[in-house]
There are 2 protein chains.
Amino acid sequence: MKTAKTIQEIRQLRTEMKGSVGFVPTMGFLHAGHISLVQAARSTCEHVIVSIFVNPTQFAPTEDLAAYPRDLEHDLALLKNAGVDLVWLPDNEIMYPEGFQTWVSVENLTKPLEGQYRPEHFRGVTTVVAKLFNMVQPQRAFFGQKDAQQAAVLQRMVLDLNFPIEMVICPIVREPDNLALSSRNTYLTPAERKAGTVLSRSLFAARDLFLKGERRSAALIACMREMIQNEPLAKIQYISCADPLSLQEVDTIEKQALLSMAVYFGKTRLIDNLLLKQVD
Amino acid sequence: MKTAKTIQEIRQLRTEMKGSVGFVPTMGFLHAGHISLVQAARSTCEHVIVSIFVNPTQFAPTEDLAAYPRDLEHDLALLKNAGVDLVWLPDNEIMYPEGFQTWVSVENLTKPLEGQYRPEHFRGVTTVVAKLFNMVQPQRAFFGQKDAQQAAVLQRMVLDLNFPIEMVICPIVREPDNLALSSRNTYLTPAERKAGTVLSRSLFAARDLFLKGERRSAALIACMREMIQNEPLAKIQYISCADPLSLQEVDTIEKQALLSMAVYFGKTRLIDNLLLKQVD
């Protein structure tokens with residue numbers, strides 16, 4: 001496994017790769033969710049490139065940029081073990097040199113859900129991913145459904161800006177007790193960690209209602225809200241039942257809907273989601 | 001010479017090109033300025049692709065989108081004669097499909113000069129060029145110094161977003177009487193056409209002052225302003241003496257400066273510019 005730390009190195013090593021390249025952009029502190037993306041890339045592409053970069057422009061000043069967990073040595077061991085060919089490790093000076101002033105923005109899809117509470121977040125995500133795409137030039141890029149809105153926003157960006165890249169969105173990976181994997185889970189106290197399982201439990205309960213025929217989004221949201229409110233350590237920021245394409249709230253579910261939420265456990269903000277699909 | 005009218009066609013024809021590709025994006029109604037870009041591409045690249053697309057998102061509602069001159073048959077004959085390999089002819093539905101919502105914006109460089117009077121213009125330019133770059137995937141792209149601010153903005157975009165593309169900015173091509181070539185010159189009445197030569201005359205007069213040692217931008221601007229004001233058909237929008245990198249106005253010229261202007265002749269808005277460089 002090779003590593004690149006300069007633009008010259010990534011360009012050179014990329015040029016030497018013949019055949020298809022799969023790309024997994026990450027912010028490091030890797031877990032089994034990231035590794036599932038690597039495995040998806042490994043199984044469909046001749047080469048796999050992973051980037052590790054904690055992107056400052058997607059954090060608000062009030063957010064956890066400085067505290068964001070980092071463990072490069074462990075990350076590299078995991079990636080080597082997963083069969084990655086090249087790890088791209090840019091730093092802030094390479095990504096945002098003096099005079100940097102160009103932004104990629106997706107308009108409508110970034111407004112609801114996470115965008116309500118993190119207004120600059122997606123501009124940082126789309127800009128850094130556009131940069132990474134131009135540096136790595138993959139045929140396929142792999143993202144997790146865990147960040148459902150991010151996946152929708154990036155798919156829109158790729159479509160609108162005509163990146164010659166196939167986007168592959170991979171399923172959420174969960175702990176045995178169904179907490180969705182996240183680098184931020186490391187922030188949780190043992191009690192918060194246990195309480196966090198209420199997110200997936202509430203999503204699964206809403207899915208059960210849906211499978212029994214409930215199509216009113218208010219009923220599904222009420223079910224989730226009640227369960228989460230019964231957990232004393234949980235503080236709801238939002239719970240949503242939205243159209244998976246437009247991300248706009250729906251009243252009545254037609255064929256499918258995205259259930260999603262952001263909930264605080266102490267200072268730690270967790271998100272989770274589940275896609276409801278009517279089986280014809 | 002081939003033409004492509006769908007995404008599938010441009011992708012397929014691009015894939016078949018081995019070796020370096022030079023790209024000249026245009027809005028059509030081609031003149032010798034455009035052909036000089038093609039020749040520069042021809043002389044340094046194995047293949048040359050030209051796009052023709054009158055990009056609606058870089059025109060304000062008050063501007064001349066509908067009236068913008070078009071002559072595809074003549075354009076194709078010129079390009080074939082110039083040795084172009086492939087002409088990319090997308091339409092509005094291909095470039096801006098329903099739901100389009102992603103924009104590329106350059107911040108500081110788009111504020112002064114043209115940006116003062118055309119506030120949305122450069123966002124349209126950078127977005128369409130980013131799209132065309134991703135469709136055509138050239139090694140080199142060729143733009144004219146005639147649109148000096150556009151060249152600066154696009155170079156910044158390429159740098160900031162890490163497009164793997166070398167930007168080549170080619171000199172202004174002028175008529176025998178030194179009017180800068182522009183597709184919009186076709187709007188001019190014979191009297192306006194004659195009056196339009198005051199732009200280059202004023203730039204050259206300012207350059208003469210500079211070569212004689214004048215370094216105060218106010219003196220150079222006063223010289224240009226007086227000459228243009230003496231032309232009854234000319235109505236000045238702005239005259240600028242700016243740093244060529246930041247595009248910010250300068251008081252005293254150090255090593256170099258960009259003189260530029262926008263002037264109306266009747267309803268036709270012409271721009272011209274000249275780069276002053278101190279000879280050491």
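User: Is A:Ala130 buried or exposed?

Analyst: Happy to start there, bearing in mind that this is a predicted model, where local features need pLDDT of at least 70, side-chain atom pairs count only at pLDDT 80 or more, and totals for chains, interfaces and linings use all residues. Residues are numbered from 1 along each chain as its sequence is written, while chains are lettered from A and ligands numbered from 1 in the order in which they are written. A residue is buried if 20 or more other C-beta atoms, placed from the backbone, lie within 10 Å of its own, exposed if 12 or fewer, and partly exposed in between. A:Ala130 has 26 C-beta neighbours inside 10 Å, so A:Ala130 counts as buried.

User: How do H6 and H7 of chain A lie relative to each other, and what is the hand of their crossing?

Analyst: The axes (lines fitted to C-alpha atoms, for helices over the stretch in contact, with angles from 0 to 180 degrees between N-to-C directions) of H6(A), residues 121-136, and H7(A), residues 148-161, come within 10 Å and cross at roughly 50°. Angles under 35 degrees count as roughly parallel, over 145 as roughly antiparallel, 65 to 115 as roughly perpendicular and the rest as oblique. H6(A) and H7(A) are therefore oblique to each other. A crossing is left-handed if the near helix is turned anticlockwise from the far one by less than a right angle, and right-handed if clockwise, and this one is right-handed.

User: What classes of residue make up the contact of H6(A) with H7(A)?

Analyst: On the H6(A) side are A:Phe122, A:Val125, A:Thr126, A:Val129 and A:Ala130, which meet A:Gln150, A:Val153, A:Leu154 and A:Met157 in H7(A). Ala, Val, Leu, Ile, Met, Phe, Trp, Tyr, Cys and Pro count as nonpolar, Asp, Glu, Lys and Arg as charged, and the others, Gly among them, as polar. The contact has 7 nonpolar, 2 polar and no charged residues.

User: Why is H6(B) described as largely enclosed by the rest of the structure?

Analyst: Helix H6 of chain B has 16 residues, 121-136, and reaches 22 Å from its first C-alpha to its last, close to the 22 Å expected at 1.5 Å a residue (that is, 1.5 Å times one less than the number of residues). Just after this helix, B:Gln137 takes a positive phi of about 45°. H6(B) is largely enclosed because its buried residues number 13 of the 16.

User: Which element gives the most to the side of chain B that touches chain A?

Analyst: The contact between the chains takes 22 residues from chain B and 22 residues from chain A. On the chain B side, strand E5 (102-106), H6 and helix H7 (148-161) are the elements that give two or more residues. The top contributor, with 5 residues, is E5(B).

User: How are H9(B) and H10(B) oriented?

Analyst: The axes of H9(B), residues 198-211, and H10(B), residues 217-229, come within 9 Å and cross at roughly 150°. That makes the two helices roughly antiparallel.

Definitions and conventions: Helix = DSSP H or I, 4+ residues; strand = E, 2+ residues; numbered from the N terminus. Contact = placed C-beta atoms within 7 Å.
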